[in-house]
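Visitor: Could you walk me through this model and tell me what stands behind each label you use?
Guide: Gladly; let us look at it together.

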Amino acid sequence: MKFGIMVNEGPYTHQAADTAYHFVKAALDKGHEIYRVFFYHDGVNNGTRLTTPPQDDRNIVERWSKLAEEHGLDLVVCVAAAQRRGIVDPDEAKRHGKDADNIAPGFRISGLGQLIEAGIQSDRLVVFGD
Amino acid sequence: MLHTVNKSPFQANSLLSCLRVAKEGSAILLIEDGVYGALKGTQATPTLEEALKKHTVYALEPDLLARGVREQLHEGVKTVDYGGFVDLVAGHDTVQAWL
Amino acid sequence: MSEEMGGEGAVKKFMYINRKAPYGTIYALESLEVVLIGAAFDQDVSLVFMDDGVYQLKKGQDTGGVDMKNFSPTYRALEGYDVEKLYVEKESMEARGLTPDDLVVPVEVKTSGEISALMEEQDVILSF
């Protein structure tokens, strides 16, 4: 089965990003396909590579990057939500005159259409939020 | 349909709203802080017991354990792990998140 | 309930559930942005407003003092995007002392039971 995943909250503040991650892992372990993980609202904050969480706690951003690399996951950060919150890739930095970018490995910035497409193309769309 | 509820019944009306519109025979999965709605001996237990008459109610076990409330789980509630969560989503045509 | 579909021309029933008030959090505004972008995909879209979500449609929003964008006029523009199925849950509306006359846009008032039936028809349900 193909799952689309929507993550509406950022790392640590809400459990949504954790629950989504564990769900995705379990789905992959069962042989399902993850069509896309779409990050919206504060969920875009899962995509910054600049976090330094405590050493004795899970590293939510790196965990996503690693899972994406292992399984070829499509992690998409919504461009509009990212612009509001300062999640920037090199193209966006250039386009908007920012002096840095911060996107984490494995994530890409794209439009809300990617969420709708995930809803259309997946068998199930699961929302994790607050 | 599968409904997920992630709020404690003491914090928000999410569980009540879910129960107001969930069609009889739905599956309701309590996750994150929503697992506080799966317990016996609380003021929210009557709400749960009403729900159990009409729906199948599940609680995500890792969330019960994390919160130290596994022993208070109401006997009518089934537990699932994340794999079981995936199975529930796959086994229902649609899933709705009550946030 | 439509069968599993894929490929060109697939039309799914998308429902957007709005349960949160405007301005206190961003969910109302950003969910509307999804609806607007999503309109280009020609799916079968409906919006449900229940619980505090009914407040998103309240007339007379004046945001000057809080210096936030008043996005309530956007609900009136939805019709132009062929998003015409706006449902308000009767119980939520009445609990808040509101009537359809208090809302910025014409809506269909539905009971919880009717909302329940509508939800069961959907292929994709987005909550914010």
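**Labels and the values behind them**

Guide: Strand E1 (residues 2–7) of chain A and strand E2 (residues 33–39) of chain A pair in the parallel sense over 6 bridges. This is a predicted model, in which local features need pLDDT of at least 70, side-chain atom pairs count only at pLDDT 80 or more, and totals for chains, interfaces and linings use all residues. Residues are numbered from 1 along each chain as its sequence is written, while chains are lettered from A and ligands numbered from 1 in the order in which they are written.

Visitor: What makes E1(A) and E2(A) a pair?
Guide: Two strands pair if DSSP finds at least two bridges between them. E1(A) and E2(A) have 6 bridges, and within E2(A) A:Ile5 has A:Val37 as its bridge partner. As for the names, helices (H or I, at least four residues) and strands (E, at least two) are DSSP runs, numbered from the N terminus.

Visitor: Which strand is joined to E1(A) by 5 bridges?
Guide: That is strand E5 (residues 124–128) of chain A, running parallel to E1(A). A:Ile5 has its bridge partner in E5(A) too, namely A:Val126.

Visitor: How do you know that E1(A) is largely enclosed by the rest of the structure?
Guide: By counting buried residues: a residue is buried if 20 or more other C-beta atoms lie within 10 Å of its own, exposed if 12 or fewer, and partly exposed in between, with C-beta atoms placed from the backbone. In E1(A), 5 of the 6 residues are buried, so the strand is largely enclosed.

Visitor: Is A:His41 buried or exposed?
Guide: A:His41 has 25 C-beta neighbours inside 10 Å, so it counts as buried. A:His41 sits in the loop between E2 and helix H2 (60–71) of chain A, and its phi is near 50°, a positive value in a residue other than glycine. Most residues other than glycine have a negative phi.

Visitor: And what about C:Asp67, buried or exposed?
Guide: C:Asp67 counts as exposed, because it has 6 C-beta neighbours inside 10 Å. C:Asp67 is found in the loop between strand E2 (44–49) and helix H2 (73–77) of chain C, and its phi, near 55°, is positive in a residue other than glycine.

Visitor: Why is A:Asp29 called exposed?
Guide: A:Asp29 has 11 other C-beta atoms within 10 Å, so it is exposed. A:Asp29 lies in helix H1 of chain A.

Visitor: Which residues is B:Cys18 in contact with, leaving aside its neighbours within four places in sequence?
Guide: Two residues are in contact if their C-beta atoms, placed from the backbone, lie within 7 Å. On that basis B:Cys18 is in contact with B:His3, B:Val5, B:Ile28 and B:Trp98. B:Cys18 and B:Trp98 are 80 residues apart along the chain, yet their C-alpha atoms are separated by 6.6 Å. B:Cys18 belongs to helix H1 (residues 14–21) of chain B and is buried, because 23 other C-beta atoms lie within 10 Å.

Visitor: Which residues of helix H4 (residues 82–91) of chain B are buried?
Guide: They are B:Tyr82, B:Phe85, B:Val86, B:Leu88 and B:Val89.

Visitor: How do you know that the buried residues line one face of H4(B)?
Guide: The arc is that of the directions from the helix axis to the C-beta atoms. Seen down the axis of H4(B), the buried residues fall within an arc of 160°, so they line one face.

Visitor: How many residues of chain A are in contact with chain C?
Guide: There are 17 in chain A, in contact with 18 residues of chain C. On the chain A side, helix H5 (113–121) gives the most, with 6 residues.

Visitor: How confident is the predictor in chain C?
Guide: pLDDT is the predictor's confidence in each residue, from 0 to 100. Chain C averages 94, and 93% of the residues score at least 70. Over residues 1–7 of chain C, however, the pLDDT is below 50. The model scores ipTM 0.97 and pTM 0.96.
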